[in-house]
Amino acid sequence: EREDTMWLGKVKKLSSKIRGVATQTNSGLERLGNSLSAKLSGELNAVNSELRKLQNQVGHEGLTMAKESQNISELNKLVKNLATEKSKSKSDSDPVISSEINSLKSEV
C-alpha cells in the first residue's frame, strides 16, 4: 500500500507538470495566433488600400478615355459636315477641291 501511495504521488506531480506545460503551451499559442492575426490584418488593410487606389485610377482613366472618344466622334461629325458643305458649294467649280473633300470623307 505504501508503494501505491508513492506511485500515486508521483502520478499526481507528473499530471500537475503536464497541466502546467499544457497551460503555458496554450497561452503561447494564443499569443502567437493573436500576433499573426494582427500582422495579417495590417497587411490585408494595406493591400485593400492599394487596390482601392488602383480601382479609382482605372475608373478615372476610363472616364477620360470615354470623353476623348466622344470628342473624336464629334470631331468626325464636324469634318463630315464641313466636307459635305464644301462639296456642295465648291464641287462644281473646282475638281481638285472636290477630290480632296471626297478623300477626307473616305478617311473619316
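This section describes the secondary structure, solvent accessibility and selected side-chain contacts of a predicted model.

The protein chain contains two helices and zero strands. Helix H1 spans residues 2-90, within a chain of 108 residues. Buried residues account for 4% of those 108 residues. The accessible surface of the protein chain amounts to about 9600 Å², and carbon and sulfur atoms contribute 57% of that surface.

A nonpolar patch is present on the surface, formed by Leu29, Leu32 and Leu36. Together, these three leucines present about 290 Å² of accessible area. Leu32, one of the patch residues, is located in helix H1. The relative accessible area of Leu32 is 48%; because this value falls between the 20% and 50% limits, Leu32 is classed as partly exposed.

With regard to charged contacts, a search of the whole structure returned one salt bridge. The side chains of Glu50 and Lys53 meet in a salt bridge, with an N to O distance of 3.4 Å. Both residues belong to helix H1, and because Glu50 and Lys53 are three residues apart there, about one helical turn separates them. Glu50 has a relative accessible area of 43% and is therefore partly exposed, the limits for that class being 20% and 50%.

Thr84 is partly exposed, its relative accessible area being 27%. The C-alpha atoms of Thr84 and Ser98 are 10.0 Å apart in space, while the two residues are 14 residues apart in sequence. Thus the partly exposed class includes Thr84, Leu32 and Glu50, in a chain of which 4% of the residues are buried.

Notes. Residues are numbered from 1 along each chain as its sequence is written. This is a predicted model: local features need pLDDT of at least 70, side-chain atom pairs count only at pLDDT 80 or more; totals for chains, interfaces and linings use all residues. Side-chain values use heavy atoms; hydrogens and water are left out. Helices (H or I, at least four residues) and strands (E, at least two) are DSSP runs, numbered from the N terminus. Buried means under 20% relative accessible area, exposed over 50%, partly exposed in between (1.4 Å probe, protein chains only). Patches are made of residues with over 30% relative accessible area and no salt bridge: like charges are joined within 9 Å, nonpolar side chains (Val, Leu, Ile, Met, Phe, Trp, Tyr) within 5 Å. Accessible areas come from the Shrake-Rupley method with a 1.4 Å probe; for residues, only the protein chains shown count as cover. A salt bridge is a side-chain nitrogen of Lys or Arg within 4 Å of a carboxyl oxygen of Asp or Glu.
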